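This briefing goes through a two-chain model by topic. Please have the sequence and the coordinates open while reading.

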Amino acid sequence: MRTKLDRRPPASAPEARGFRKAILLVERGTKEAIWDCRMCGQCILHSTGLSCPMRCPKSLRNGPCGGVLQNGNCEVLPDQPCVWVQAWEGSRRLPLWRDHMEHVQKPVDWRLQETSSWENLLTGRDRHTPAGWLAVGEDRER
Amino acid sequence: MNGHPPRSHLHRLLASGQFVVTAELQATDSPDPESVYRLADLLRGSVDAVNCTDNSAAHPHISPLAAAHLLLDRGVEPIVQLACRDRNRLALQADLVGSVALGARNVCLMTGDDVTAGDHPEAKPIYDIDAVHAIQIARIMRDQGMYVSGRRLDETLPVFIGAVENPFAPPHDFRPMRLGKKIEAGAEFVQTQIVFNLPTMRLFMARCEELGLLDRVFILPSVYVCRSAGSARYLRDMVPGIDVPEPIIDRMEGVPSDRQADEGIRIGLEIVEELREMRGVAGVHLISIRGDESIVRLVEEAGLLPRPAAVEAAPAG
């Protein structure tokens, strides 16, 4: 399951086996088929109109770049619609989470690539946020 | 805005309500400092600050930090552009500290044109973080005096944080909200994509006003000074995300080539005049391709001279 680009030390991210492997395979099988999921391990699909932001060639997590073509297609892949145009349209159709498009999403934890976001949600691994990033959040709430 | 004391000349001018003029430095490919000095001498006194682009259009040029340093040598206030295409979060933070240490306290943070748009399409782009992340990281360094990891800087970073936004690219309805996200993350000023389409720009500004953004950020729309019909067509056909309406192309093509530069300045002047009337527009950002003389002429003909004198370097801290 580990990819060549995965640089995690084995101790911090043991290869999924048994039940954990089953979760990973079910998540990947369903989400790849439905949303072309890229298994970033920290899923925010519901906040992005059910359009996977990791399909964006620039891996943008907070909205489209300025290069979107006038026909709504991607600057990098001009034959394909911009992931974020789809996210915006998708978010308007959602009964919940519409306002999540306005939320500032934290930077990607690249160590979680190819892991199960479901497992990471249950274990809280996807909630790991750099201390400096959290400091601004606390500032804002004051 | 934000109640901070001004951190740069540009910040001081904007905070005082002056209509500001910035320009884009023609990125050079020369190791000779004179190449930047010549442009600095040309622009000094005509504009308040000058953007040092970061491998613009994904073509390598002189580093923005080096160009900024050379501008400072000649008494020109720089705005250092930093793109996420070529740097991960470590490199970004290193460049932010370095930029301020050199005396370049204005930064403009963006995702960047993709490598496929440039002359090294086979390169590995970075995109570790996006522009909103970059802005918030700069804000963490400015307000908390720490890196995003939480490790402390020796002191807080007196940086004036800029962003970009493109009102002319889909999804149009989301663009004002996206600017709102950048403000939420920490952007204090924003330079927009080049404005030709004034009705779309007016809609964008009206929507920003509805969202309450106009009092939270200084907006500097970009104005392009066409030197020829060819340069207008180049923008339309070669640069992703720019909306050049046909009437502009027709106007440029409608005059003989020796008078096209004048027509380009006339179009630029008309757009500047319209922008000055829009609520929430804090200034303009002027762009040309190898047309720095045209920028100087436009500033003069728009009645934007003299520019307020730059005071001596801002006190440290």
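In chain B, B:Ala163 stands opposite B:Val190, a residue of β6(B). The model is a predicted one.

**The barrel of chain B**

- Chain B contains a barrel closed by 8 strands, in the order β1-β2-β3-β4-β5-β6-β7-β8, and the pairing is parallel.
- On average, and ignoring direction, neighbouring strands of this sheet are turned by 25° against each other.
- Helix α3 of chain B (residues 64-73) packs on the sheet, where it touches β2 (49-52) and β3 of chain B. The direction of α3(B) makes about 180° with that of β3(B).
- Strand β5 (residues 160-165) of chain B pairs with strand β6 (residues 189-194) of chain B in the parallel sense, over 4 bridges.

**Strand β4 of chain B**

- Strand β3 (residues 78-83) of chain B is paired with β4(B) in the parallel sense, and the pairing runs over 5 bridges.
- How many of the residues of strand β4 (residues 106-110) of chain B are buried? The count is 5 of the 5, so β4(B) is largely enclosed by the rest of the structure.
- In a regular strand, side chains alternate between the two faces of the sheet.
- Both faces of β4(B) are covered, with B:Asn106, B:Cys108 and B:Met110 buried on one side and B:Val107 and B:Leu109 buried on the other.

**Strand β7 of chain B**

- β6(B) and β7(B) also pair in the parallel sense, over 4 bridges, and B:Phe189 stands opposite B:Phe218 of β7(B).
- Strand β7 of chain B (residues 218-224) has 7 of its 7 residues buried, so it is largely enclosed by the rest of the structure.
- From β7(B), B:Phe218, B:Leu220, B:Ser222 and B:Tyr224 point one way, while B:Ile219, B:Pro221 and B:Val223 point the other way; all are buried.

**Helix contacts in chain B**

- Two packed helices are described by the angle between their axes and the distance between the axes.
- Helix α8 (residues 229-238) and helix α9 (residues 246-253) of chain B have axes that come within 8 Å and cross at roughly 160°. α8(B) and α9(B) are therefore roughly antiparallel to each other, the cut-off for that term being over 145 degrees.
- The crossing of α8(B) and α9(B) is left-handed.
- α8(B) contributes B:Ala229, B:Ala232, B:Arg233 and B:Arg236 to this contact, and α9(B) contributes B:Ile248, B:Ile249, B:Met252 and B:Glu253.
- By class, the residues of the contact of α8(B) with α9(B) are 5 nonpolar, no polar and 3 charged.
- The axes of α9(B) and helix α10 (residues 260-276) of chain B come within 9 Å, crossing at roughly 145°.
- The residues making the contact of α9(B) with α10(B) are B:Ile248, B:Arg251 and B:Met252 from α9(B), and B:Gln260, B:Glu263, B:Gly264 and B:Ile267 from α10(B).
- The contact of α9(B) with α10(B) divides into 3 nonpolar, 2 polar and 2 charged residues.

**B:Leu198**

- B:Leu198 belongs to helix α7 of chain B (residues 198-210).
- Is B:Leu198 buried or partly exposed? B:Leu198 is partly exposed because it has 15 other C-beta atoms within 10 Å, whereas a buried residue needs 20 or more.
- Leaving aside residues up to four places away in sequence, B:Leu198 touches B:Ile271 and B:Glu274.
- B:Leu198 lies 59 residues from B:Arg139 in sequence and 32 Å from it in space, C-alpha to C-alpha.

**Chain A and its side towards chain B**

- Chain A has 4 helices and 0 strands, in the pattern α-α-α-α along the sequence.
- Of the 142 residues of chain A, 35% count as buried.
- Among the contacts in chain A with a separation of 6 or more, 56% come from residues 24 or more positions apart.
- Between the chains, 32 residues of chain A are in contact with 38 residues of chain B.
- On the side of chain A that touches chain B, α2 (83-93) and α4 (131-141) of chain A each supply at least two residues. α4(A) gives the most to that side, with 6 residues.
- The residues of the side of chain A that touches chain B comprise 19 nonpolar, 8 polar and 5 charged.

Definitions and conventions
Residues numbered from 1 in each chain as written. Chains lettered and ligands numbered in written order. Predicted model: local features only at pLDDT ≥ 70, side-chain atom pairs only at ≥ 80, totals over all residues. Contact = placed C-beta atoms within 7 Å. Nonpolar A, V, L, I, M, F, W, Y, C, P; charged D, E, K, R; others polar. Axes fitted to C-alpha atoms, helices over the stretch in contact; angles between N-to-C directions. Parallel < 35°, antiparallel > 145°, perpendicular 65-115°, else oblique. Left-handed = near helix turned anticlockwise from the far one by under 90°. Buried ≥ 20, exposed ≤ 12 C-beta atoms within 10 Å, placed from the backbone. Pairing = 2+ DSSP bridges.
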